[in-house]
Amino acid sequence: MSASQPPQSPSSPELPDPRRDGGEPARDSDASPPLVDGTPPLVDDTPTLLVKIFGKDRPGITAGLFDTLAAYSVDVVDIEQVVTRGRIVLCALVTSPTAGGTTEGDLRATVHSWADSLKLQAEIISGIGDNRPRGYGRSHVTVLGHPLTAESTAAIAARITSTGGNIDRIFRLAKYPVTAVEFAVSGTGTEELRTALVTGAAEIGVDVAVVSAGLSRRAQRLVVMDVDSTLIQDEVIELFAAHAGCEDKVAEVTEQAMRGELDFEQSLHARVALLAGLDASVVDKVRAEVRLTPGARTLIRTLKRLGYQVGVVSGGFTQVTDDLKERLGLDFASANTLEVVDGKLTGRVVGDVVDRAGKARLLRSFAEQAGVPLAQTVAIGDGANDLDMLNTAGLGVAFNAKPVVREAAHTAVNVPFLDTVLYLLGITREEVEAADGLVD
């Protein structure tokens with residue numbers, strides 16, 4: 001059941017626009033609706049009753065209500081049940097009684113008597129037909145709050161309304177490490193909704209992701225992540241520089257790149273040159289120093305158990321990403337390679353440089369190898385070097401990124417837990433924990 005549905009004129013209903021996001025082609029109004037198991041669907045003038053039950057939850061309430069209704073030979077049109085902090089709200093939309101000699105009044109009296117016996121409240125509302133059809137655009141809006149405040153929730157709901165959207169359903173995905181809730185929204189296009197919600201979301205203290213509803217959300221996906229400051233907490237070049245005693249010089253080149261004085265490839269070559277002569281044995285030390293971002297293992301483990309494929313692309317070095325691929329069971333990994341000659345780093349990289357454009361190119365390549373369309377890919381990154389990849393993916397997630405990256409990505413996550421990305425895919429905390437109980 002849906003509250004606050006926008007009014008529609010029965011004389012001139014608005015047909016869905018098939019060109020709009022999430023829309024379906026308009027049907028011929030004279031066409032007969034399909035039969036399901038030979039049974040015709042409910043017609044609009046069928047008398048129906050909305051039966052609402054409220055009170056303290058306990059086992060057997062749902063079975064008891066429908067046992068009570070069964071005596072009146074009603075058909076169930078719709079059901080929805082919510083339990084919050086031990087209190088149940090159970091709604092059943094049913095046809096009016098058809099059993100011989102019974103009336104709507106009899107049903108009302110019986111349901112109220114049953115509810116009173118269990119110290120529950122009952123409300124029964126007469127009406128005609130089923131729920132109004134949902135609007136043409138259907139989207140999932142995921143909101144992450146740390147915490148999620150009433151003020152921010154009000155702001156999100158108001159922005160949905162401002163686009164012409166209707167909130168059909170809300171439910172909680174997770175209560176920790178962040179509060180994550182999902183709104184099912186209809187009546188407006190996904191892109192319009194995304195523009196209204198994602199822009200300025202950080203100002204109201206939440207992260208928001210908007211994706212189209214439909215079967216594609218449950219399809220196999222490819223998730224590709226940046227490495228430095230995304231999958232891991234460190235910048236790998238800085239770990240190498242610490243062993244070479246040139247941290248300050250590497251930081252200076254990095255600052256030049258951030259000021260726009262050097263592009264990524266120039267800054268990469270300049271920083272790697274400072275490592276010349278470093279013993280190759282330092283690679284093992286750097287691998288041991290790498291710190292995974294909180295939630296990284298949970299994210300990858302859960303995605304893999306769901307059948308997703310997972311990869312990394314990095315402007316860092318294969319000497320680290322290859323190790324991460326093996327340790328974490330990744331499907332794909334690509335990065336720059338430090339040249340080693342006679343057991344020493346030469347200060348050069350070999351092969352094609354993985355830069356901003358290269359990351360997007362690798363995402364396309366991984367998707368092709370995985371047999372996953374780009375629309376079903378997710379990219380996660382934190383820097384300007386990730387922007388092409390984020391915008392190429394079906395869903396680009398800026399993870400604790402700078403403002404310019406947050407503004408350009410499809411959505412942003414601004415909490416330090418990488419596994420919160422799972423909630424953006426509609427995966428609940430309970431499902432994550434259930435997956436953790438499985439034996440690989």
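## Backbone exceptions, helix packing and a pocket

Pro 147 sits in the loop that joins strand E5 (138-145) to helix H3 (150-162). The structure discussed here is a predicted model. The peptide bond leading from His 146 into Pro 147 is cis, with omega near 5°. A cis bond also runs from Tyr 176 to Pro 177, here with omega near 0°. Pro 177 belongs to the loop between strand E6 (166-174) and strand E7 (179-186).

A further backbone feature concerns Asp 342, which has a positive phi of about 55° although it is not a glycine. Asp 342 lies in the loop between strand E11 (332-341) and strand E12 (344-350). As background, most residues other than glycine have a negative phi, and most peptide bonds are trans.

Two helix pairs are described next. In general, a pair of packed helices is characterised by the angle between the axes and the distance between them.

| Helix pair | Angle | Axis distance |
|---|---|---|
| H1 (residues 61-70) and H2 (residues 104-117) | about 155° | 10 Å |
| H5 (residues 236-244) and H8 (residues 282-289) | about 130° | 10 Å |

The crossing of H1 and H2 is right-handed.

The crossing of H5 and H8 is right-handed. Val 236, Leu 239, Phe 240 and His 243 of H5 touch Val 282, Val 283, Lys 285, Val 286 and Glu 289 of H8. Six nonpolar, one polar and two charged residues form the contact of H5 with H8.

H5 also contributes to the lining of the second largest pocket, as do helix H6 (247-258), helix H7 (264-273), strand E10 (309-317), helix H11 (356-370) and helix H13 (403-408), each with at least two residues. The second largest pocket holds about 800 Å³ of space. Its lining consists of 28 residues, and Glu 235, Phe 264, Arg 271, Gly 383 and Asn 385 are those nearest its centre. By class, ten of the lining residues are nonpolar, seven are polar and eleven are charged.

Key
Residues are numbered from 1 along each chain as its sequence is written. This is a predicted model: local features need pLDDT of at least 70, side-chain atom pairs count only at pLDDT 80 or more; totals for chains, interfaces and linings use all residues. Side-chain values use heavy atoms; hydrogens and water are left out. Axes are lines fitted to C-alpha atoms, for helices over the stretch in contact, and angles run from 0 to 180 degrees between N-to-C directions. Helices (H or I, at least four residues) and strands (E, at least two) are DSSP runs, numbered from the N terminus. A crossing is left-handed if the near helix is turned anticlockwise from the far one by less than a right angle, and right-handed if clockwise. Contact means heavy atoms within 4.5 Å. Ala, Val, Leu, Ile, Met, Phe, Trp, Tyr, Cys and Pro count as nonpolar, Asp, Glu, Lys and Arg as charged, and the others, Gly among them, as polar. On a 1 Å grid over the protein atoms alone, a cavity is a set of points where a 1.4 Å probe fits but cannot get out, and a pocket is an open set with protein on both sides within 12 Å along at least five of seven lines; lining residues have an atom within 4 Å of a point. Grid points are joined across faces, edges and corners, and a volume is the space filled by probe spheres set on the points.
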